[in-house]
Each structure stands twice: as C-alpha cells, then as structure tokens.
Amino acid sequence: MIFGNVKNLCEYPFLEGRVKACFKYLEEHDLTNFEKGCYEIDGKHLFVNIVEYTTTTPKERFWEAHRQYLDLHVMLRGTEQIDLNFIQNMDVKEFVKKDDFLPMDGEKNSSVILTDGDFLICYPSDGHRTAVAVDRPETIKKAIFKVEI
C-alpha cells in the first residue's frame, strides 16, 4: 500500500504507468463535479468509480481485497478512515472472480485517514475496510481508480 497526497506526487516517480495515468486523469478532470458512476479511461484496463456514501462504524463495514485490479482511492470531499491489514493475517473467504472481490474477516493492523487530496493505493495483498467514520458519520465523495494488474 502507498499512502500520500496528490500535492506530493513528485515523491513517487517509481509508480507504474497506469497508476501515473490515474493521476494524470485526475489532474485533467474535475472529478468533484462528476456524477456517481463508472467512467472508462482505458476500457477494462483502467477506469474510475465515483462514489458518494456515508461513513459508519467498523461493525457495519466489511473487509475486501482484489486480485485482478489494484485500487487507487482518492478523496475528493470529506474524511474517511480506511482500516488495513495484509490478507495473510486475515481469515480469507472464497474469491468472487466476476466482481474481483476477495472477502475476509479479521482485525485491523493499522489505518489511514483520507482527507481532501489524500490517496491510498491498495495492492492485492492489502486487505482494506473502507467507509469508517473518523469522529462522526459523514457523507464523502471519492474516486476509486481500478488499475488492471
């Protein structure tokens, strides 16, 4: 996983081409004005989901990871905690290939708090639980880029 802020992208020259393409797309488009939905950038190889939801308690959320895509979460508006643990520390369930969804159960090892402009890249070994409220439930808007591995 990589946690950072879009203002400091010069610190990440090692990122692969498709991940850099996500940040280029972010720079060229005002995603805060996009409606909720899925937007193709490079077909099924690279796309972005614009989501809005209300954060809640960890009990109300689920753990997930992905095998076919990495996730690049970029906070557009609001504050959200994302809990993290490596999948080898979790009780992994059956992979749902059509949804690229690996459900799991377990405890958080760490967490990050995303605010406007922050990003988190989750690789296949990075279990994550999103939409956790920081101080109180809050409606957030976020871009989740899906980058085919």
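Reader: Phe119, buried or exposed?
Author: Phe119 is buried, at 0% relative accessibility. Buried means under 20% relative accessible area, exposed means over 50%, and partly exposed lies in between, with a 1.4 Å probe and protein chains only.

Reader: Before we continue, what kind of model is this?
Author: This is a predicted model, in which local features need pLDDT of at least 70 and side-chain atom pairs count only at pLDDT 80 or more, while totals for chains, interfaces and linings use all residues. Residues are numbered from 1 along each chain as its sequence is written, and side-chain values use heavy atoms, with hydrogens and water left out.

Reader: How many aromatic pairs are there in the whole structure?
Author: A search of the whole structure gives seven aromatic pairs. Rings of Phe, Tyr and Trp (its six-membered ring) pair if their centres lie within 6.5 Å; planes under 30 degrees apart are stacked, over 60 edge-to-face, and the rest tilted. One of them joins Tyr12 and Phe14 edge-to-face, at 6.0 Å centre to centre and 65° between the planes.

Reader: And Tyr12 with Phe119, what is the geometry there?
Author: Tyr12 and Phe119 also form an edge-to-face pair, with 5.5 Å between centres and 75° between the planes. Tyr12 lies in the loop between β1 (2–5) and α1 (17–28) and Phe119 in strand β10 (residues 118–122), so the pair ties together parts that are 107 residues apart in sequence. Helices (H or I, at least four residues) and strands (E, at least two) are DSSP runs, numbered from the N terminus.

Reader: Which residues make up the ring cluster that includes Phe119?
Author: Ring pairs link Tyr12, Phe14, Phe23 and Phe119 into a cluster. Within it, Tyr12 is buried at 13% relative accessibility, whereas Phe14 is exposed at 55%.

Reader: Which residues touch the most other members of the largest nonpolar core?
Author: That core has 22 residues, and Leu31, Leu72, Phe119, Ile121, Ala143 and Phe145 touch the most other members. A nonpolar core is a set of buried Ala, Val, Leu, Ile, Met, Phe, Trp, Tyr and Cys residues joined through side-chain atoms within 4.5 Å. At least two residues of this core come from each of α1, β3 (46–54), β5 (69–77), β10 and β12 (139–148), and α1 gives the largest share, five residues.

Reader: What does Leu31 touch?
Author: Leaving out residues up to four places away in sequence, Leu31 touches Tyr25, Leu26, Ile50, Leu76, Lys141, Ala143 and Phe145. Contact here means heavy atoms within 4.5 Å. Another core, of eight residues, lies apart from the largest one and includes Met75, Leu84, Cys122 and Ile140.

Reader: A change of topic: where is Asp100, and what is its phi?
Author: Asp100 is in the loop between β7 (91–92) and β8 (102–105). Its phi is near 45°, a positive value in a residue other than glycine. Most residues other than glycine have a negative phi.
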